Amino acid sequence: MKKQYANLMLVFVTIIWGGGFLATNGALAAISPFYVMMIRFVGAAIFPVCFCWKKLRQLSKDEIRHGIITGVFLFLAFAFQTFGLKYSSPSKNAFLTATNVVFVPYLLWLLFHRRPHKKEIIASLLCVGGIALLTLRVDAFMIGFGDLLSIICALFFALHIIALERYSAHTDAFCMTAMQMVTAGVLSTICALAFEKAPATLGLEALGNVGYLIFISTLLAYLLQTYAQKYTTANTASLILSMEALFASIFSFLILHEMMTLPMLVGACMIFGSHILHPSKYRVPKLHLQRSQHGYGAPKENRWTYVTTIMSLMI
């Protein structure tokens with residue numbers, strides 16, 4: 001697949017997530033946060049697990065470990081985002097979550113010694129500035145406890161994007177999606193049962209929102225993201241996925257009839273400008289695997305490199 005098509009798939013993912021912002025708000029009105037996470041991840045895991053059960057049984061230990069690591073990052077990102085939203089405003093939470101676009105190039109530099117290009121830095125800062133104009137209000141520039149949780153959330157979303165690019169090249173997209181959903185679903189279920197009460201009843205509106213979250217915003221979106229990141233860079237992916245805030249604002253304007261102010265329009269233009277400026281010509285080093293009768297695995301001579309890579313991503 002050409003890189004341009006992969007990037008278009010990621011744009012489609014951001015459109016899905018923009019609508020998912022409204023569905024999440026609707027679901028949270030009737031269901032507690034960890035139960036929303038449990039329902040969306042467990043529900044989204046069923047189809048890919050059934051579809052690729054034979055392939056999952058043939059995966060090597062290395063591939064399974066990669067899927068679990070990526071799923072843990074995904075769960076932690078959503079967990080910190082959920083609690084950040086509890087102690088912060090939705091607009092600040094959306095903005096701080098989108099700052100993962102800044103974390104990605106510096107994490108690549110820290111973990112893989114790939115110095116970020118000047119245009120990458122400028123593009124990421126321009127994008128963050130645009131998101132700030134799009135989501136924040138005048139009274140939103142105080143940092144609180146919820147905001148710190150949202151920043152940690154952005155860090156884990158950045159690690160999830162990097163892990164996907166590094167690990168998805170040699171693993172079937174359905175299998176990688178299944179392992180992510182199962183891992184996040186199991187952890188969400190544990191937290192839901194331990195800390196929250198199950199919802200007594202669910203209305204039709206809540207069921208509709210949950211259905212969108214399971215099949216569209218989670219299953220379809222993460223399947224497309226996993227497949228697309230085989231062919232594009234982590235920096236490019238983070239920049240494109242940051243447009244979620246833009247599409248969320250557009251859907252809020254079209255469906256909820258929220259006001260679209262001049263600063264918001266300027267912010268939208270800055271986000272688009274950052275994508276034009278971004279060079280997107282570098283790739284994070286792939287984890288080279290060899291095929292054996294048990295599946296893909298790291299070559300014996302590269303075992304130490306493999307171990308340090310896993311440790312660096314888990315820090």
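## Helix pair α8 and α10

Helix α8 (residues 145-167) and helix α10 (residues 204-228) cross at roughly 55 degrees, and their axes come within 9 Å. The pair is therefore oblique, the class left for angles that are not under 35 degrees (roughly parallel), over 145 (roughly antiparallel) or 65 to 115 (roughly perpendicular). Axes are lines fitted to C-alpha atoms over the stretch in contact, with angles from 0 to 180 degrees between N-to-C directions.

From α8, the contact (heavy atoms within 4.5 Å) takes Phe157, His160, Ile161 and Leu164. From α10 come Tyr222, Gln225 and Thr226. These residues divide into four nonpolar, three polar and no charged.

## Basis of the model

The model is predicted: local features need pLDDT of at least 70, side-chain atom pairs need 80 or more, and totals for chains, interfaces and linings use all residues. Numbering runs from 1 along each chain as its sequence is written, and side-chain values use heavy atoms, without hydrogens or water.

## Threonine 183

Threonine 183 sits in helix α9 (residues 173-195). Its relative accessible area is 12%, so Threonine 183 is buried (under 20%; exposed is over 50%, partly exposed in between; 1.4 Å probe, protein chains only). Leaving aside residues up to four places away in sequence, Threonine 183 touches Gly67, Ile68, Gly71 and Val72.

## Whole chain

The chain has 14 helices and two strands, which are DSSP runs (H or I, at least four residues; E, at least two). Of its 315 residues, 53% count as buried. Among contacts between residues at least 6 apart in sequence, 90% join residues at least 24 apart.

Conventions: Ala, Val, Leu, Ile, Met, Phe, Trp, Tyr, Cys and Pro count as nonpolar, Asp, Glu, Lys and Arg as charged, and the others, Gly among them, as polar.
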